[in-house]
Amino acid sequence: RQAMMYKYMADGYSALAKVYSLIDQANSTNDYGQLAHDYSHASSLVGDAIQAFSNANNYGGNFSVMISQLQSMQGNLTQLAEFYSALAQNEGLYNNIMSQVKSLLRTQQIPVNTALEIVNSSDPAETTYRVYLKSVDEEIHRFMSSLPDNQGGQLARERLGSYFYDIINALKYYLTGLAFISASQTLSNGSGSTDTLSKEASYLRSASNYLSESIPFFQAIGVQQDFINQLNNTVSQLRSQANTLGNLGNQIAQLNSLMNQLNNEYNAVQDPYTKTYKIMTLSGQALNLVNQIISELNQMGAGDQAQSLESLKHKLEKIHENATNYYNSLTFQNASQSFSQAWSDFSSWNILGGLESLGQGVAESGEDVLANVDAWLSTLGTVINDGISDLQNWIESKVPGLAGQILAGVVTGAIFALIQLIPGVDVA
């Protein structure tokens, strides 16, 4: 009796050894037909083991708990066999879907016309879906509908349904982010304006937001952590560059406004004292802003753009220097006229009469100052107009290159080349 129990135990464990060997073999193949065959065979062998341990129970064995566990295992293996059988029956459609997905995952740059269509739409992510993903999604639905209604088909719908959902969303946000990067690069061509950098910043900020939205979906489908780390770094880099470009764009717009104010004050009808004071103040503000922009450009490695602002800087330095000197002279002239009147008042007492002449002489010298200020103002308009022209030429010719130079830090080819092909479906 005991010998029979041991015999059936040996049969059961032998069957289980073959099961584990088949499972190990299944982990090394991607052939769905072979996987279906291996898991079906493994399920059959577990059935043999259940029968052997049941027979052992009849001869004094105590394998009821093990038998219950093996029955659960057999059910899982049967599901897997049916799952891979369902994939094998629809392998052509499934492989076509995966081929398209992998091709999209390798995308490094969106064509300009397509990128502009996406970013200028009311819903960029949905436009990306329509352009790139709708046909793939329709094939996914056809594939899911073709799965059998058995347990394996149900398992495939559950596992692959979630998997494909994550893939479509990951690609939707990922490709939309790339579209905004491509669109921002178009601002590096043609003529610039004061809002070029602000628009560039807006595009990069949108790119960072969409790429960030793709990360949870990429994590869900199991891409390698190296790619997730690279994507996180790219998001941070894009946001930093967006802030840099936005701040620089605001500074250039402020400088442009100051130059126009300077021109308006020059053309305004007002006394020389007030006009000189306003020109001194505005040119000083503009000069400080130019120095700040030049410093930031040099720190960003945009030395060529910084050097091109030196002509404007030199003009503003001369304007500010002359305005300050003439303003100080006019201030002294006004004080001198007051002193002159005071000496005139004192003269009725015949006190220090000689100083009245001195006061009159200073007042007469004030007339010379006015003459000098008038002469300077007569030529200042040309200098201001030349300065405005310098700034406009710089904006039109250098700002696009500046946008491109800063954006060059986002090397899409290098950043996104680490994208991994989607992993195998883990259903075990």
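**Helices, rings and buried residues**

Me: How far does helix α2 reach from its first C-alpha to its last?

Reply: This is a predicted model, in which local features need pLDDT of at least 70, side-chain atom pairs count only at pLDDT 80 or more, and totals for chains, interfaces and linings use all residues. Residues are numbered from 1 along each chain as its sequence is written, and side-chain values use heavy atoms, with hydrogens and water left out. A helix is a DSSP run of H or I with at least four residues, numbered from the N terminus, and its expected span is 1.5 Å times one less than its number of residues. Helix α2 covers residues 32-58, 27 residues in total, and its reach is close to the expected 39 Å, coming to 39 Å.

Me: Which residue caps the N-terminal end of α2?

Reply: A polar contact is a pair of N or O atoms within 3.5 Å; within protein, one must be able to donate a hydrogen and the other to accept it, and residues adjacent in sequence count only if both atoms are side-chain atoms. At this end of α2, a side-chain oxygen lies 3.0 Å from the backbone nitrogen of G33, and the residue that supplies the oxygen is D31.

Me: How many helices does the protein have?

Reply: Read along the sequence, the pattern is α-α-α-α-α-α-α-α-α-α-α-α-α-α. Strands, which would be DSSP runs of E with at least two residues, come to zero, and the number of helices is 14.

Me: What kind of ring pair do Y174 and F218 form?

Reply: Rings of Phe, Tyr and Trp (its six-membered ring) pair if their centres lie within 6.5 Å, and planes under 30 degrees apart count as stacked, over 60 as edge-to-face and the rest as tilted. By this rule the count comes to 21 aromatic pairs. In the pair of Y174 and F218, the ring centres are 5.5 Å apart and the planes stand at 90 degrees, so the pair is edge-to-face.

Me: Is T127 buried or exposed?

Reply: T127 is found in helix α6 (residues 124-146), where its side chain makes a polar contact of 2.8 Å with the side chain of S121. Buried means under 20% relative accessible area, exposed over 50%, and partly exposed in between (1.4 Å probe, protein chains only). Because the relative accessible area of T127 is 8%, T127 is buried.

Me: What distance separates the C-alpha atoms of Q251 and Q292?

Reply: Q251 lies in helix α9 and is buried, with a relative accessible area of 9%. Leaving aside neighbours within four places in sequence, Q251 is in contact with L289, Q292, I293 and E296, where contact means heavy atoms within 4.5 Å. Although Q251 and Q292 are 41 residues apart along the chain, their C-alpha atoms are separated by 8.8 Å.
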